[in-house]
Amino acid sequence: MSTPLETGLHTEYIRKQLVQAVFAADYATAAITAPFNPVDGVLAAIPAGYVPVGYTTDDGVTFTSDLSMSDVTSSQSVEPTRSDVESDVLSAQFAPQETNAATLALYEGLPLSGTGALPAIGEAWQWDRAATPNNPFRRLLFIGLDYGDDGGEIYVIKFFPRARLTSKDDEQWARSTETQHPVTFNAYRDSALGTSCRNWVDGPGWRSMATP
């Protein structure tokens with residue numbers, strides 16, 4: 001008997017990130033290692049030092065993997081006879097809409113805490129454009145939230161333990177749109193964690209999907 005074409009189709013496995021959150025920290029801040037309660041999968045409290053970026057445009061966060069291959073070709077074959085990964089660069093692009101200390105720190109290369117960091121909102125802010133731009137490494141935490149059929153939370157998390165600003169788009173002042181500070185960060189390998197990006201999927205809604 002043939003296998004039905006519907007075999008293996010699961011609508012409940014289709015995910016969206018209905019809500020996204022971005023948190024940034026200085027590189028000296030401890031890395032994220034356990035974002036969930038191991039017992040029930042509930043999201044743990046965000047550690048101190050990780051600052052929320054706040055509202056971003058409805059494009060959300062775009063993760064791009066720039067894959068480059070090195071091919072070996074041979075006269076006896078129309079396809080490459082060998083192909084190897086030459087580079088695979090992961091980046092995250094997002095456009096903050098809030099004018100807060102975190103968004104400006106990421107855009108302007110300022111520290112998120114300590115000396116040189118912007119004070120609290122409501123206090124006077126001042127910073128100068130550096131003659132030699134400072135582009136420090138950061139830690140970036142991306143959290144996406146979806147819901148299972150039972151209403152339980154399903155979280156998808158990406159953590160860049162060593163991220164650096166590689167591009168930023170225009171800061172536009174206009175009556176027709178909010179002031180944005182669009183940025184792109186590349187993920188670099190962190191020697192302590194041994195990876196450029198650590199991923200998790202968990203949450204009460206995810207665990208409720210386990211096969212009995």
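This is a predicted model: local features need pLDDT of at least 70, side-chain atom pairs count only at pLDDT 80 or more; totals for chains, interfaces and linings use all residues.
Visitor: Is α1 largely enclosed or left open, and why?
Guide: α1 is largely enclosed by the rest of the structure, because 6 of its 8 residues are buried. Those buried residues are Ala-102, Thr-103, Leu-104, Ala-105, Leu-106 and Tyr-107.

Visitor: What covers them?
Guide: The cover includes the strands β1, β2, β4, β5, β6 and β7.

Visitor: OK, the core. How many residues are in the largest nonpolar one?
Guide: It has 24 residues, and Phe-94, Leu-140, Phe-142, Phe-160 and Phe-185 have the most contacts inside it. At least two residues each come from β1, β4, α1, β5, β6 and β7.

Visitor: Which of those gives the largest share?
Guide: α1, with 5 residues of this core. As a general point, nonpolar side chains tend to be buried together in soluble globular proteins.

Visitor: Which residues does Phe-142 touch?
Guide: Leaving out residues up to four places away in sequence, Phe-142 touches Ala-21, Val-22, Val-61, Phe-63, Ala-92, Phe-94, Val-156, Ile-157, Lys-158 and Phe-160. Phe-94 and Phe-160 are also among the core residues with the most contacts.

Visitor: What is in the second core?
Guide: That core is separate and has 13 residues, including Ala-25, Ile-32, Leu-141 and Leu-145.

Visitor: Which element gives the most to the lining?
Guide: α1 again, with 3 residues. Both α1 and β6 supply at least two residues of that lining.

Visitor: How does the lining divide into nonpolar, polar and charged?
Guide: 10 residues are nonpolar, 3 are polar and 5 are charged.

Visitor: Last one. Where is Leu-67, and what is it in contact with?
Guide: Leu-67 is in strand β3, which runs over residues 62–72. Apart from neighbours within four places in sequence, Leu-67 contacts Val-85, Ser-87 and Asp-88.

Visitor: How far apart are Leu-67 and Val-85?
Guide: Along the chain they are 18 residues apart, while their C-alpha atoms are separated by 7.4 Å.

Terms used:
Residues are numbered from 1 along each chain as its sequence is written. Side-chain values use heavy atoms; hydrogens and water are left out. Helices (H or I, at least four residues) and strands (E, at least two) are DSSP runs, numbered from the N terminus. Ala, Val, Leu, Ile, Met, Phe, Trp, Tyr, Cys and Pro count as nonpolar, Asp, Glu, Lys and Arg as charged, and the others, Gly among them, as polar. A nonpolar core is a set of buried Ala, Val, Leu, Ile, Met, Phe, Trp, Tyr and Cys residues joined through side-chain atoms within 4.5 Å. Buried means under 20% relative accessible area, exposed over 50%, partly exposed in between (1.4 Å probe, protein chains only). Contact means heavy atoms within 4.5 Å.
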